[in-house]
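Please read the following briefing alongside the sequence and the coordinates. The points below are grouped by topic.

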Amino acid sequence: MPDNHSITKKERDCLIAVGRHLEDQFPVRLSDLSRELGIKNPTALNLVKRLESKDMVLDDKGMIILTKNGLERYQEIQEIHRIIETLMVKHGVDLNRACQISQFIDYLMDHPSVDTIFENLGKPSICPHGESIDQYH
Ligand SMILES: [Zn+2]
Ligand SMILES: [Zn+2]
């Protein structure tokens with residue numbers, strides 16, 4: 001994975017929180033993000049600025065939206081997340097625990113490893129939550 005793709009766990013959580021609001025009528029505000037992430041406004045702003053410098057989000061007068069690059073990264077992380085939790089659940093890990101653990105791995109995984117896992121799992125179309133695995137592959 002190229003270096004400009006590398007993000008921290010906190011940046012990952014922020015990117016996912018912004019992405020989750022994609023279906024909403026209005027973009028997410030900074031104060032919503034702080035609340036959802038359980039952090040203070042200045043900390044959330046700092047995360048948004050860091051993601052902005054990596055061309056993943058845009059801060060439009062307090063409305064936080066994903067860039068094209070950020071959307072791709074969001075979808076990719078979601079896909080990888082679902083593949084990893086599918087792997088763990090298949091091997092007996094509790095679903096909630098698998099989902100939690102996957103959040104610490106999904107943004108770090110490289111494509112060849114994920115592809116190998118995906119193929120060995122028999123290319124599942126959904127994760128154990130029933131969410132689709134189809135964008136990244
Ligand atoms: Zn999950
Ligand atoms: Zn899931």
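**Briefing on the predicted model**

Not counting residues up to four places away in sequence, G19 touches L66 and Y74. The model is a predicted one, and the domain assignment of the protein divides it into domain 1, covering 3-71, and domain 2, covering 77-120. Taken over C-alpha atoms, the centres of domain 1 and domain 2 are separated by 23 Å.

**Surroundings of G19**

- G19 is located in helix α1, which is made up of residues 9-20.
- G19 counts as buried because it has 20 C-beta neighbours inside 10 Å, where the cut-off for a buried residue is 20 or more.
- Although G19 and V57 are 38 residues apart along the chain, their C-alpha atoms are separated by 9.6 Å.

**Helices α2 and α3**

- Helix α2 (residues 30-37) and helix α3 (residues 41-53) have axes that come within 9 Å and cross at roughly 105°.
- Angles of 65 to 115 degrees count as roughly perpendicular, and therefore α2 is described as roughly perpendicular to α3.
- On the α2 side the contact involves L30, S31, L33, S34 and L37, and these meet N41, A44, L45 and V48 in α3.
- Sorted by residue class, the contact of α2 with α3 comprises six nonpolar residues and three polar ones, with no charged residue.

**Helices α4 and α6**

- The axes of helix α4 (residues 68-90) and helix α6 (residues 111-120) come within 10 Å, and they cross at roughly 50°.
- This crossing angle makes α4 oblique to α6, and the crossing of the two helices is left-handed.
- The residues that make the contact are I80, I83 and L87 from α4, together with V114, I117 and F118 from α6.
- The contact of α4 with α6 consists of six nonpolar residues, with no polar and no charged residue.

**Surroundings of C127**

- C127 is placed in the segment after α6.
- C127 counts as buried because 22 C-beta neighbours lie inside 10 Å.
- Once its neighbours within four places in sequence are left aside, C127 is in contact with R82, E85, T86 and I133.
- The C-alpha atoms of C127 and G62, which are 65 residues apart along the chain, are separated by 34 Å.

Note on methods. Residues numbered from 1 in each chain as written. Chains lettered and ligands numbered in written order. Predicted model: local features only at pLDDT ≥ 70, side-chain atom pairs only at ≥ 80, totals over all residues. Domains from an automatic or database assignment. Axes fitted to C-alpha atoms, helices over the stretch in contact; angles between N-to-C directions. Helix = DSSP H or I, 4+ residues; strand = E, 2+ residues; numbered from the N terminus. Parallel < 35°, antiparallel > 145°, perpendicular 65-115°, else oblique. Left-handed = near helix turned anticlockwise from the far one by under 90°. Contact = placed C-beta atoms within 7 Å. Nonpolar A, V, L, I, M, F, W, Y, C, P; charged D, E, K, R; others polar. Buried ≥ 20, exposed ≤ 12 C-beta atoms within 10 Å, placed from the backbone.
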